[in-house]
Amino acid sequence: MRLVLVGPPGAGKGTQAEIIAARLGVPKISTGDIFRANVDGGTPLGLKAKEYMEAGELVPDEVTNEMVADRLAQDDAKDGFLLDGYPRNTEQAKVLDGILTEAGVILDVAVELVASDEEVVRRLSGRRVSKSTGKVYHLEFDPPADPDSDDLYQRSDDKPETVKHRLEVYAEQTAPLVGYYEQQGKLVEIDAIGEVAEVTERALAAIGAPE
């Protein structure tokens, strides 16, 4: 099965991507993993991406698209894959369609994890990190022994105002992407609220994954 997973920050996309890919027996492919592999491996694309990253600039779509095309051509992705974090916009989605058409295959389904802005802010703004151990806690779901400890801090991208901005950017970029797959009849919406296992089972049932 070939699928993409989309959803706002805090919807549990990374966690679900790992589990769903394992259950389907396909590789989970994320742009972060692809960037690291190319940069660490010193590939021509990696060196090009590194130039932009070191300059504090976003890696252009054409470089990202080339990396994805190269990754999807590898043997382990021939019979299926789960893309996490790509495509991010309709232009990338069109490029992905072209890559797959050239390979003689199609995308089966786009799974959208749906969570309200309020829920996302609640999930992310409650996170705290231990300075000494790096362990991530949540004030509500996985509270530390001492929530007021000086050892704990809140990451800047988990602050409520930052989360709200990230959600605005996500809505601006991804709403058209969701519409793109909806028009193709490939969009499946999954309620991302609940226990991790519950959300996984909802997603697998919705895409018709084998038991």
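Q: What do the buried residues of α2 pack against?
A: This is a predicted model. In it, the buried residues of α2 pack against β2 (28-30), α3 (44-54), α4 (61-72) and β3 (81-84).

Q: Which residues of α2 are buried?
A: Thr 31, Ile 34, Phe 35 and Asn 38 are the buried ones, in a helix that covers residues 31-41. Looking down the axis of α2, these buried residues fall within an arc of 100°, so they line one face of the helix.

Q: And what is on the other side of α2?
A: Arg 36, Asp 40 and Gly 41 sit there, and they are exposed.

Q: What follows α2?
A: Gly 42 does, with a positive phi near 65°.

Q: Switching to charges. How many salt bridges are there in the whole structure?
A: A search finds 17.

Q: Start with Glu 18. Which residue does Glu 18 form a salt bridge with?
A: Lys 28, and their closest N and O atoms are 3.9 Å apart. Glu 18 lies in helix α1 (residues 13-24) and Lys 28 in strand β2, so the pair ties together parts that are 10 residues apart in sequence.

Q: How accessible is Glu 18?
A: Glu 18 has 47% relative accessibility and counts as partly exposed.

Q: Back to α2 for a moment. What does Asp 33 meet in a salt bridge?
A: The side chain of Arg 36, at 2.8 Å from N to O. Asp 33 and Arg 36 are 3 residues apart in helix α2, so about one helical turn separates them. Asp 33 is partly exposed, at 32% relative accessible area, while Arg 36 is exposed.

Q: Which residues are linked with Asp 33 and Arg 36 in a network of salt bridges?
A: Glu 18 and Lys 28 are linked with them in that network.

Q: Last one: what about Lys 78 and Asp 75, how far apart are N and O there?
A: 3.3 Å, and their side chains meet in a salt bridge.

Q: Are those two buried or exposed?
A: Lys 78 is partly exposed, with a relative accessible area of 45%. Asp 75 is exposed, at 63%.

Note on methods: Residues numbered from 1 in each chain as written. Predicted model: local features only at pLDDT ≥ 70, side-chain atom pairs only at ≥ 80, totals over all residues. Heavy atoms only, no water. Buried < 20%, exposed > 50% of the residue type's maximum accessible area, 1.4 Å probe, protein only. Helix = DSSP H or I, 4+ residues; strand = E, 2+ residues; numbered from the N terminus. Arc of directions from axis to C-beta. Contact = heavy atoms within 4.5 Å. Salt bridge = Lys/Arg side-chain N within 4 Å of Asp/Glu carboxyl O.
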